[in-house]
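Please find below a colleague's note on the structure shown here. The points are numbered so that each may be checked in turn.

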Amino acid sequence: MESDAKDIDIIGLWKQYKASKSVELRNRLAEYYLPLVKIVGGRLAVSLPPHLDRDDLLSSGFFGLMDAIDRFDITRNIKFETYAGVRIRGAMIDYLRSKDWIPVTMRQKIRRYEQTVYRLETELGRSATDNEVAEALDISLDELQILVSQCNAATIIPLEEYLKTDAPEAVDANPADTAEFFELKDTLARAIDRLPEKERTVVSLYYYEELTLKEISLILHLSEARISQLHTKAIFRMRNYLARMKETFY
């Protein structure tokens, strides 16, 4: 049998590894699933500033993959790719947090933008237009577009935390946990439905169809930079909606 990944008996390999805990077998599993790290890393890297080392990001994701292999229970009714994706993404986000990679001045600008959008949309009861946000911030539309582009990098961590769509890990999950999972999905669905049409389309294609921003730009016939801006604005709107929802429960 050739060593190509497509020829591997992956189910048999999992059974052998769980029975023996062989380092060699674990490494073969890691090699088979390594493309997952590149896929997750590629999606996260879209929003990262150029000074961050992509290789370090991928390395942290590789450790997440190894952790997933060690912890995965093959008797449970869940795909390893789903389980590992969460672990890999979590490891990468932990790496980003450790770098504290957003300058204080940028955090202040982002906070002001987010508070302004939150206030406007709470008062208006609908999505605020670019003109309304720019006027409230006392800046031009061009300056607003630049600000939104700068905010893009800051959405990556909250974005990944708010928009988890993974199912509960186990078929015998606690009923309360399962109910909370479906309630979260329902809340996120309502938040997405409230977005302006283009932003809603971008979010749906990016998270549910798992397309890249470049692929979305080709579908919508817009520049990749414009898709990135729509994506950023959508995330801030969703965060604000979720914050307002939270306030109604407390």
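1. The side chains of Arg237 and Glu199 form a salt bridge, with N and O 2.8 Å apart; a salt bridge is a side-chain nitrogen of Lys or Arg within 4 Å of a carboxyl oxygen of Asp or Glu. This pair links distant parts of the chain, since Arg237 belongs to helix H12 and Glu199 to helix H10 (residues 197-208), 38 residues apart. Helices here (H or I, at least four residues) and strands (E, at least two) are DSSP runs, numbered from the N terminus. Both Arg237 and Glu199 are buried. Buried means under 20% relative accessible area, exposed means over 50%, and partly exposed lies in between (1.4 Å probe, protein chains only).

2. The model is predicted, so local features need pLDDT of at least 70 and side-chain atom pairs count only at pLDDT 80 or more, while totals for chains, interfaces and linings use all residues. Residues are numbered from 1 along each chain as its sequence is written, and side-chain values use heavy atoms, with hydrogens and water left out.

3. Which residue forms a salt bridge with Glu121? The partner is Arg237, and the closest N and O atoms are 2.4 Å apart. Glu121 lies in helix H5 (residues 104-124) and Arg237 in helix H12, so that this pair too links distant parts of the chain, 116 residues apart. Glu121 counts as buried because its relative accessibility is 3%. Arg237 is buried because its relative accessible area is 8%.

4. A further salt bridge joins the side chains of Glu132 and Arg126, at 2.7 Å from N to O. Glu132 counts as partly exposed because its relative accessibility is 22%, and Arg126 counts as partly exposed because its value is 38%. By the rule given above, the count comes to eleven salt bridges.

5. The overall fold may now be described. The protein has twelve helices and zero strands, and buried residues make up 42% of its 250 residues. Contact means heavy atoms within 4.5 Å. Of the contacts with a separation of 6 or more, 67% are between residues 24 or more positions apart. The accessible surface comes to about 14,300 Å², of which 52% belongs to carbon and sulfur atoms; such areas come from the Shrake-Rupley method with a 1.4 Å probe, and for residues only the protein chains shown count as cover.

6. A nonpolar core is a set of buried Ala, Val, Leu, Ile, Met, Phe, Trp, Tyr and Cys residues joined through side-chain atoms within 4.5 Å. The largest has 27 residues, and among those with the most contacts inside it are Trp14, Leu29, Ile69 and Phe80. The elements giving two or more residues to this core are helix H1 (10-20), helix H2 (23-45), H3 and helix H4 (80-99). H2 gives the most, with eight residues. A second, separate core of 18 residues includes Leu188, Val203, Ile235 and Leu242.

7. Individual residues illustrate this first region. Leaving aside neighbours within four places in sequence, Ile69 is in contact with Trp14, Tyr17, Lys18, Arg26, Leu29, Ala30 and Phe80. The buried residues of H1 are Ile10, Gly12, Leu13, Trp14 and Tyr17. Just after H1, Lys21 takes a positive phi of about 55°.

8. Is Ser60 buried or exposed? Ser60 counts as buried because its relative accessibility is 12%. This residue is placed in helix H3 (residues 54-71), and its side chain reaches the backbone oxygen of Leu57 at 2.6 Å. Ser60 also touches Ala91, Met92 and Tyr95, not counting residues up to four places away in sequence.

9. Phe63 is found in helix H3 as well, but Phe63 is exposed because its relative accessible area is 60%. Leu34, Phe62 and Phe63 form a nonpolar patch on the surface, with about 280 Å² of accessible area together. Patches are made of residues with over 30% relative accessible area and no salt bridge; like charges are joined within 9 Å, and nonpolar side chains (Val, Leu, Ile, Met, Phe, Trp, Tyr) within 5 Å.

10. The last point concerns Ala243, which lies in helix H12 (residues 224-247). Ala243 is partly exposed because its relative accessible area is 29%. Ala243 and Tyr118 are 125 residues apart in sequence and 9.0 Å apart in space, C-alpha to C-alpha.

Technical notes
A polar contact is a pair of N or O atoms within 3.5 Å; within protein, one must be able to donate a hydrogen and the other to accept it, and residues adjacent in sequence count only if both atoms are side-chain atoms.
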